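Here are some notes for a colleague who is opening this structure for the first time. They go point by point and begin with a single pair of residues.

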Amino acid sequence: MKVIIVDDEPLARSIVKEYLQKHSELELVQECNDGLEGLKAIQQHQPDLIFLDIQMPKINGFEMLELLDHPPAVIFTTAFDEYAIKAFDAHAIDYLLKPFSQERFDKAIEKLSVQKNTSAEKATRELLETASHSPSQSQRIVVKNGSKIKIIPAQEIFYLEAADDYVKIHTKEGYFLKNKTMNHFEQVLDPQLFVRSHRSYIVNMQQITRIDPYEKDNHIAILRSGAKVPVSRNGYVKLKQVLGL
Amino acid sequence: MSRSPLSVSRFRTIFIGFWLSVTIDGVFVLHWYEPGWDLSVAVIDSIISCVVLFIFCLPLMTTLRYYTPKQKNYANIFIWCVFIVAAWMITIRWLLQLVLGHIERYPEFLNHSLVVRISIGFFLTGCVALAFMIWYTWEEQKEDEIRKQDTEKFTKEAELFKLRQQLQPHFLFNSLNSINALIGTRPEEARKMVQQLSEFLRGTLKKEETQWVSLKEELQYLQLYLDIERVRFGNRLFTIIDSDDTTGQMKLPALLLQPIVENAIKFGLYDTTGDTQIKIIAAADGSNLFLKVENPFDPETSSSNQGTGFGLKSVQRRLYLLFGRNDLLATEAKENIFTTIVKIPQLPVQKS
């Protein structure tokens, strides 16, 4: 079984390496310093198991997993992250709290070999959905643009548009696609900044220059970029609420 | 609950003095009205009237302590006064008749004077009610004010505590994890790190926010923190600390520089890859100490408004509480370098 360690602290990686020596069936193929490196290594090696820290430079552990089409089995290692721990507990996902012992480490690996892969992947998906609601992650969206990773700060989003199974995230650099639902973004993004103006649109309030009437009962929001975003009757009520009118 | 005005000696003196003077005044008026009578008649009449009125006012005073009427309920107080005066009138009429009824022309005088007595009684009751109402309203406002201040102080402290909590446990557990890793391979370094970590934690526990410390002490303490971080991150942290004898002797509030350096570490070390240089530079101009902290940041992942992060907001708040100024902290993000400059006025008299 191939193993990858993703952690930004060299000593934290070395202790995992040390504990791994007891498990000859596990072969360490690469150590990674941050989420982006981890992502590349996982795509390259297709490991069976990763040891993953949460807080890391570039993109964090959750954001890295989100970008994988088929995440491998994960053992999370973290020192102190109230939010992450709540999320793990909520989805019954095993995690190692630093510093951890060899015994605890062995137990986590043992548990993993018993578990079925399919249920693990589902649990991971659910975990990521919960984790994306964390305050630090609602301020940015990480997307894959071809082979490149793009981090979009929330305030740089003009508006979001539903497109079948995807959501189009419009920014000044054009749009990016993310495999999520409109409801997901409506919940994750700051409701004071982003308003669902229409079934298929979420608009950044700070980008609106004016709102014009459009056909009967409907309106249209004109953004600074010149883009026009439809506003339904319901959406108009919500916009007015946020604007305090 | 508000304290009774009678528990305050100044008010008690005024209150007793008020009733005494009313009583004495009563004696004079009665004696002037009918000089033919013995002075004792005027004295007894006045004392009985005043003491009875005082006794009837007691329930009113106690009630106001527990219930301060709102504007629209002032009518209730008026009705109270009417009742008190009526009860008082009936009682003293009976009492005075009993005690002084044998005096010549006194019963007629008593009947004639009823209207005057009612109006004086009403005036006095009104005065007492008013004085107590004003007192209790004032007391309540004072209590509200104190409560508000307490709440604010409490929220602020809780907030600061929470902020410190977010960084410290993360730092602490990760350091312990590093030590755990070192024990197997490099036990000597593990031992050294345990020492450094202990000394650093002891410093954190010892310090109080009101204390002033010399920059030299503070920098020695922060050096421990930076050394630990260097071990954690495998020597990719480089620090430049520039302070001479003059600035080293200058003072700053304890735990003021630390959150700034922690912020620099957070964005400069935790959120970047590769070598990181953190500079702490001290300078002085007469009555001010200037501290400049520089750290790199990743412009791709941390947007500029995050840079003035939560940690620095608490520093800004503390500076305001200490000096009443908002212009002592400045930040700047240029290319990939974030700079924090804090100016610390050197007070002529300082707690050391």
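1. A:Glu161 has A:Tyr201 as its bridge partner in β12(A). Strand β12 covers residues 201-204 of chain A, runs antiparallel to β8(A) and is joined to β8(A) by three bridges. Strands here are DSSP runs (E, at least two residues) and helices are DSSP runs too (H or I, at least four), numbered from the N terminus. Two strands pair if DSSP finds at least two bridges between them.

2. The model is a predicted one: local features need pLDDT of at least 70, side-chain atom pairs count only at pLDDT 80 or more, and totals for chains, interfaces and linings use all residues. Residues are numbered from 1 along each chain as its sequence is written, while chains are lettered from A and ligands numbered from 1 in the order in which they are written.

3. Strand β8 (residues 159-163) of chain A also pairs with strand β9 (residues 166-171) of chain A, in the antiparallel sense and over five bridges. Within β9(A), A:Ile169 is the bridge partner of A:Leu160. The two strands form a hairpin with two residues between them, and A:Asp164 in the turn has a positive phi of about 50°.

4. Chain A as a whole has eight helices and 15 strands. Of its 245 residues, 37% count as buried (20 or more other C-beta atoms within 10 Å of the residue's own, with C-beta atoms placed from the backbone; 12 or fewer is exposed, and in between is partly exposed). Among the contacts in chain A with a separation of 6 or more, 54% come from residues 24 or more positions apart; a contact needs C-beta atoms, placed from the backbone, within 7 Å.

5. The largest nonpolar core has 93 residues, and those with the most contacts inside it are A:Tyr159, A:Leu160, A:Ile202, A:Val203 and B:Val261. Such a core is a set of buried Ala, Val, Leu, Ile, Met, Phe, Trp, Tyr and Cys residues joined through C-beta atoms within 7 Å. Another core, of 16 residues, lies apart from it and includes B:Leu64 and B:Trp135.

6. Which residues of α3(B) are buried? They are B:Cys81, B:Ile84, B:Val85, B:Trp88, B:Ile92 and B:Leu96. Helix α3 (residues 74-100) of chain B has 27 residues and reaches 38 Å from its first C-alpha to its last, close to the 39 Å expected at 1.5 Å a residue; the expected span is 1.5 Å times one less than the number of residues.

Note on methods
Contact = placed C-beta atoms within 7 Å.
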